[in-house]
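Colleague: I have a new structure open and would like to go through it with you. Can you take my questions as they come?

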Amino acid sequence: MARNRKVVLREYIAGRPPREDDMVLVDGGTVALRVPEAAAPAPAVLVKNLYLSCDPYMRGRMRDFHGSYIPPFKPGSVIEGLGVARVVDSTHPGFSAGDIVSGMTGWEEYSLIDRPEQLSKIQQSDIPLSYHLGLLGMPGFTAYAGFYEICSPKKGEFVFVSAASGAVGQIVGQLAKLHGCYVVGSAGTNQKVELLKGKFGFDAAFNYKEEPDLTAALKRYFPEGIDIYFENVGGPMLDAVLLNMRTHGRIAVCGMVSQNALTDPVGIHNIFCLVPKRIRMQGFIQSDHLHMFPQFVSDMAKHYRDGKIVYVEDMSIGLENAPAALVGLFSGKNVGKKVVCVSQELSQCTF
């Protein structure tokens, strides 16, 4: 038996970013460290969660909105997200105690996974386990599929990435450099700007908060225009980008974090630019491109081992700090991919 703490959503939110008090850490009581007989006859897996991923899409699941590709959380129930965990017990033939897995899990110390076919086994290697939530996980695959499938890059093209120091943006920029492109990124602090140029190898970067005229700023960094825009923020930045796109440019719409919490989202004024410039603008979700996942893991692991891709992770320690970690995403507190190590015991955070 073991105690099981969990983070639950108090109630739905609307019109604002999440706050720490929208979530609460509760004592879930004791759990038996075996798959309960009540779970039969369907196979199930009991896991001990090691790392939890904080991702911008989770804010959308805190609203009472059912028109998205993923349903909302339920008030009073445990928050769900991607995680890395160790199998404690299993009635599924594909998993055994001791296996390390990644997939959707609860924000709690122990989770019973009743759809274990959605879990993936992790083969332990020299790559940190937590990187399977970033570099080799959903953010990395989002960058890979979005850049290669949606953007259709060509060597020598001009690439702009917004929210470029985040979990997705940092990889997009490095992939673009490996492809032979000219790459500029935007971020919200000077520290992040220096990270983009000094660590991730972007050709240039700027702090959008210090630019009174985004259209002029983009013209300064892209005097010949932008071929590819990897969109993460929406709002005024997208409007400025549209005026600076080149003919036959491509815009991969990964997210619009500036608009997620608004009940009255800001409209786009320059959308007509799509017509005379013949711009292709496409939204996408990484799960539509799973045929690419094996190649992605192979390519990204090799790039990392060869030193061609670097990755920055921002880790919080302890399940009790998970709400603050998630909330910090929406004020730019994180530098790199935000991850929560579930246990306060540092030894478990280097499992």
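Predicted model: local features only at pLDDT ≥ 70, side-chain atom pairs only at ≥ 80, totals over all residues.

Colleague: OK. Where is His248, then?

Modeller: His248 sits in strand β12.

Colleague: What is its phi?

Modeller: The phi of His248 is positive, about 65 degrees, although His248 is not a glycine. Most residues other than glycine have a negative phi.

Colleague: Changing topic. How is the chain divided into domains?

Modeller: There are two parts: domain 1 covers 2-134 + 312-341, and domain 2 covers 138-288.

Colleague: How many residues does the contact take from each?

Modeller: Domain 1 gives 20 residues to the contact and domain 2 gives 17 residues. The centres of the two domains, taken over C-alpha atoms, are 29 Å apart.

Colleague: What area is buried between domain 1 and domain 2?

Modeller: About 1400 Å², and carbon and sulfur atoms give 62% of that. On the domain 1 side, Arg59, Val312 and Val335 supply 34% of the area buried against domain 2, more than any other three residues.

Colleague: How many salt bridges are there between domain 1 and domain 2?

Modeller: Zero salt bridges are counted between domain 1 and domain 2. There are four residue pairs in polar contact between the two domains. By class, the side of domain 1 that touches domain 2 has 10 nonpolar, five polar and five charged residues.

Colleague: Give me some examples.

Modeller: One of them joins Asp22 and Arg16, at 2.9 Å from N to O. Asp22 is buried, with a relative accessible area of 5%, whereas Arg16 is partly exposed at 24%. Another pairs Glu211 with Arg220, at 2.7 Å from N to O. Glu211 counts as buried at 17% relative accessibility, and Arg220 is partly exposed at 49%.

Colleague: Which residues do salt bridges that share partners join into one network?

Modeller: Arg5, Glu109 and Glu320 are joined into one network that way.

Colleague: What about Arg115?

Modeller: Arg115 forms a salt bridge with Glu117, and their closest N and O atoms are 3.9 Å apart. Arg115 counts as partly exposed at 48% relative accessibility, while Glu117 counts as exposed at 54%.

Colleague: Now helix α2. How many of its residues are buried?

Modeller: Helix α2 spans residues 138-150 and is mostly covered, with 10 of its 13 residues buried. Among them are Phe141, Tyr144, Phe147 and Ile150.

Colleague: What do the buried residues of α2 pack against?

Modeller: They pack against α3, β11 (226-231), β12 (245-253), β13 (280-283), α7 (293-305) and β15 (337-341).

Colleague: Which residue follows α2?

Modeller: Ser152 follows α2, and its phi is positive, near 45 degrees. Gly156 is in the loop between α2 and β8.

Colleague: What does Gly156 touch?

Modeller: Not counting residues up to four places away in sequence, Gly156 touches Gly180 and Cys181. The C-alpha atoms of Gly156 and His179 are separated by 8.2 Å, and the two are 23 residues apart along the chain. Gly156 is partly exposed, with a relative accessible area of 44%.

Colleague: Last one. Where is Ser162, and why is it called buried?

Modeller: Ser162 is in the loop between β8 (158-161) and α3 (169-178). Ser162 is called buried because its relative accessible area is 0%, and buried means under 20%. Leaving aside neighbours within four places in sequence, Ser162 is in contact with Ser186, Tyr229, Phe230, Glu231, Asn232, Val233 and Met237.

Terms used:
Residues numbered from 1 in each chain as written. Heavy atoms only, no water. Domains from an automatic or database assignment. Contact = heavy atoms within 4.5 Å. Buried area = accessible area lost by both parts, 1.4 Å probe. Salt bridge = Lys/Arg side-chain N within 4 Å of Asp/Glu carboxyl O. Polar contact = N/O pair within 3.5 Å; in protein donor to acceptor, adjacent residues only side chain to side chain. Nonpolar A, V, L, I, M, F, W, Y, C, P; charged D, E, K, R; others polar. Helix = DSSP H or I, 4+ residues; strand = E, 2+ residues; numbered from the N terminus. Buried < 20%, exposed > 50% of the residue type's maximum accessible area, 1.4 Å probe, protein only.
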